[in-house]
Structure formats: C-alpha cells, structure tokens
Amino acid sequence: MLPFDERDGWIWLDGRFTPWRDAKLHVLTHALHYGSGVFEGMRMYDGRIFALEAHTRRLVRSAQLLDFAIPWSEAELNEAAIETCLRNGLHNCYIRPIAWRGAEQLSVSALDTRVHVAIAAWPWPKYFDEDRLRRGIRLCWAKYRRPSADAAPTAAKATGLYVICTISKNVAEREGYDDALMLDSTGAIAEATGANIFFVRDGVLFTPPPSSFLDGITRQTIIALARARGIKVVESRIMPADLGAFTECFVVGTAAEVTPVGQIAEHAFQPGRLTFGLIEAYSALVRSRVSAAAEPAPAILAS
Ligand SMILES: Cc1ncc(COP(=O)(O)O)c(C=O)c1O
C-alpha cells in the first residue's frame, strides 16, 4: 500500500488547501506526545457525505471532552469536508477530519498550545477483506478492556483512546483473525476495535449500551433502520457466557459499514436474513439523496 505521506492531492490544513505531501507536523507536537487529538471518519457515497453534520458535531464535542475548542464553526468544517472531496476529484471516499494541540507547549499542561485542524480524503472501498464479508469476519478476544466512563473521556473519538485498539487489532491479525472484541471494565461485551457490535436471537437485535465506548453514528442508524422495519432492538449488558444463545452477529461503523461476523473465539455465527437485510437497508440509506423520503430518518441525522 502506498504510504499515506507519499500520495498526491490536497489536504485542508488550518483553512488552506495544502499539497498532500507538504501537510507535515513538527516532532514536538503536543498531540504526538500526549494524545491530545480528536478525529472523525466519514464516508462520501455518490457525491454526498453520509451524516456529515452528525460527524462534525461529534468532532466538536470530542474536542470539548478533551478540554479544547476547535477554532472553526461546524458550518465551516462541513463546507471544508465537502470542498476537500471536490478538490481531490472524489465522489466515493473516506474522509478523515482531525484536530490536535500544536507544538507551542510541550508538557502535560497544554493551555498555551494552538489547536490545528486538517481534513484529508481518499478512496477506501471496504474495511475488511472482500471475501470474508459473505462468510463473516473472525474475531478473537482483545487483550485490553475499554476503560469505564469515569476513567477516560469514552464518548470522545480521541486519538489516545485507540492505543488499546491498535494493540488488540495487531495481535488479532497476527494470529489470523480479522479483529478483536473488547470487554468493558466490568467484563461485559463492549465493541470491536473500530466498530460497534450487534447480535441476533429469535429475530430480536441485541447490542450493548454505549456506557463506556462510542455510541457510533452507524450504530444509531442501524437501530433506527431496524425499528423502522419492525425489528425489536434491545440494548442490554451481554456477557461472553451469553454468546452461545445468539445465531447471527455483525459489527457496524462508518469504515466497517455493516459487516457480518462468522466467529468470536470458539463461538460460530451464521450470517442470515436479518444481517443481510440490514446490510441492504444501510447501503440504500447511505446512497439515498432524500433519506427521509426513503426511510424515517434516524434522529442522529437530524441537524
Ligand atoms: C472504537 C470505535 N467504535 C465505534 C465506531 C463506530 O462509530 P461510527 O459508526 O460513528 O463510525 C468507531 C468508528 O469510528 C470506532 O473507532
């Protein structure tokens, strides 16, 4: 894969379009040392960024949770994201906005740092291996648990919180799995390293309440889509010992979209009608121009 710093195109950096290869930082940037960064992951489908306003709102909120303010309005950030896609000639792509504390101060204290923002976009077809998607991906248990909400700003999409995700995903891939499933601090099932999780039993959808991890925009969208189809959705604590009772399982996220799970450690699942139905519904929704006409619009999409 072409390294990310050796590509061509334009990156929106602090209000200006900068040639891709010149969008660089100093090594003494606060965020690099202390994890003081927040980011988003969005996708553009056929020229429209799905849930753009919801993602931008979360970016601004994530920064507030990390005790800094983004020096651009949500409207300016939305426009910059769209412009970034256009400037790079992209209509179907992944978009990565990021905000971070700069190099003005390098200590745990960061009150004198400036906040910077960048937005990059690039083509990114599927998060998981195409041929695994039909059979379902394979998950192992993660080495680390998600911290509880009183131990970290768990509602923020913060760079520092991904340390345990990267370690867990690396171990999983090294051992031949696609991803790792993380528990919360109480031992209940939380989420995968970059996606939320759902289970199916007797036609009912089950998913853990997002008390210590991101309440993903895709997660909220899937819950709304399921309910609009008359599928019951239950948000409840799910323990590893409960897994045997479920027949289908899938993970959801902007990058992962809706991806069937075929295996979690020793438990096997058979991607079925409910999973494939929601894959189709999600795929139609993200590509629909007038989402409210096709679907009762999930509350998350309302600005
Ligand atoms: C750790 C984690 N959980 C959940 C999600 C899903 O969030 P969303 O659906 O808003 O992309 C993501 C992806 O951003 C993630 O990185």
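This is a predicted model: local features need pLDDT of at least 70, side-chain atom pairs count only at pLDDT 80 or more; totals for chains, interfaces and linings use all residues.

Residues are numbered from 1 along each chain as its sequence is written, and side-chain values use heavy atoms, without hydrogens and water.

**Stop 1: Lys 157**

Select Lys 157, in the loop between β8 (137–141) and α5 (163–174). Helices (H or I, at least four residues) and strands (E, at least two) are DSSP runs, numbered from the N terminus. Lys 157 is buried and has no salt bridge. Buried means under 20% relative accessible area with a 1.4 Å probe, protein chains only. A salt bridge needs a side-chain nitrogen of Lys or Arg within 4 Å of a carboxyl oxygen of Asp or Glu. Which side chain of opposite charge is nearest to Lys 157? It is Glu 40, 5.9 Å away; Lys and Arg count as positive, Asp and Glu as negative, and His and the chain ends are not counted.

Now show the contacts (heavy atoms within 4.5 Å). Beyond neighbours within four places in sequence, the partners of Lys 157 include Gly 37, Val 38, Glu 40, Arg 58, Tyr 162 and Leu 214.

**Stop 2: the cavities**

The structure holds two cavities of 30 Å³ or more. On a 1 Å grid over the protein atoms alone, a cavity is a set of points where a 1.4 Å probe fits but cannot get out; a pocket is an open set with protein on both sides within 12 Å along at least five of seven lines; lining residues have an atom within 4 Å of a point. Points are joined across faces, edges and corners, and volume is the space filled by probe spheres set on them.

Glu 40 returns here, in the lining of the largest cavity. Its volume is about 50 Å³. Select Met 42, His 55, Leu 77 and Ile 119, also among the lining residues. α2 (52–65) gives the largest share, three residues.

Next, select Arg 43, Tyr 45, Phe 50, His 55, Thr 254 and Tyr 282. They line the second largest cavity, about 30 Å³.

**Stop 3: the second largest pocket**

This pocket holds about 250 Å³ of space. Of its 16 lining residues, Lys 126, Leu 133, Glu 257, Val 258 and Ile 279 are closest to the centre. Colour α4 (130–135), β15 (257–264) and α7 (273–287), which each give two or more residues to the lining. α7 provides the largest share, six.

Key
Buried means under 20% relative accessible area, exposed over 50%, partly exposed in between (1.4 Å probe, protein chains only).
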